[in-house]
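Subject: Structure for your files

Hello,

Here is the structure I said I would pass on. My notes on it follow below.

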Amino acid sequence: GQCVHDKIADCAQKGMKVPWETKFDCATPKAEGWDPEGAAKGPTWAIDANPNPPAFKSAGCSLNFNDGTNIGCPGGTKLSQKIGVEGTAWSPYIDATALKQGAQLAARFMLAGNWPATAHLDVETSVDNGKTWTKLSEQKSGNATDWSLVTLDLAPYTGKFFQLRLHFWTTACTTAGTGPFVDDFKIWDAT
């Protein structure tokens with residue numbers, strides 16, 4: 001079966017082999033191997049078609065963070081003093097143990113959407129079942145109607161089991177922006 005987060009005992013032993021990819025084909029996040037976490041109300045990560053300003057890169061859905069319209073705080077209330085809204089989407093475990101040292105492990109995905117400067121989309125990695133996360137990159141807001149290619153160097157994770165996490169958070173309550181849209185996610189040996 002698919003290895004999702006820490007919901008399966010010894011999940012790290014059942015990781016998705018490299019190369020691995022998903023197109024977020026209107027399935028539930030768990031069926032695609034992603035595990036979203038977010039607030040009970042308000043914006044959250046989902047695989048759906050709401051809203052759809054960029055049009056779809058493939059299939060009829062994308063992995064996106066919003067409430068179906070925007071990234072506003074529910075009822076205008078922040079989650080905490082420092083956080084407006086926040087949510088994460090965890091990839092399945094990735095098994096890169098078969099790759100030899102020197103392999104050029106990489107990830108790529110398509111990104112669209114827009115968000116204000118008070119919002120952040122971090123791509124993070126974990127090798128310890130999500131106990132700790134290392135920031136790999138921060139993606140800046142783009143044009144809501146254009147897809148851009150994001151490529152990440154994962155060479156330090158060659159020979160390891162690991163997870164990726166998309167972490168979207170704001171420091172203010174705002175309805176400005178649609179939030180991020182992610183599609184066509186792939187991890188492979190670019191050697």
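C173 has a relative accessibility of 32%, so this cysteine counts as partly exposed; buried is under 20% relative accessible area, exposed is over 50%, and partly exposed lies in between (1.4 Å probe, protein chains only). This is a predicted model, with residues numbered from 1 along each chain as its sequence is written. Local features need pLDDT of at least 70, side-chain atom pairs count only at pLDDT 80 or more, totals for chains, interfaces and linings use all residues, and side-chain values use heavy atoms, with hydrogens and water left out.

C173 forms a disulfide with C73, the sulfur atoms being 2.2 Å apart; the term covers a pair of cysteine sulfur atoms within 2.5 Å. The pair links distant parts of the chain, 100 residues apart: C73 is in the loop between strand 5 (62-66) and strand 6 (86-90), and C173 in the loop between strand 12 (161-170) and strand 13 (179-189). Strands (E, at least two residues) are DSSP runs, numbered from the N terminus. C73 is buried, at 10% relative accessibility. The S-S torsion is about -100°, so the disulfide is left-handed. The structure holds 1 disulfide.

Some backbone points remain. The peptide bond from V18 to P19 is cis, with omega near 5°, and P19 sits in the loop between strand 1 (16-17) and strand 2 (20-22).

Two non-glycine residues have positive phi: N129, near 60°, and D184, near 50°. N129 lies in the loop between strand 9 (119-126) and strand 10 (134-139) and is partly exposed at 27%. D184 is in strand 13 and is buried, with 10% relative accessibility.

Regards

Terms used. Helix = DSSP H or I, 4+ residues; strand = E, 2+ residues; numbered from the N terminus.
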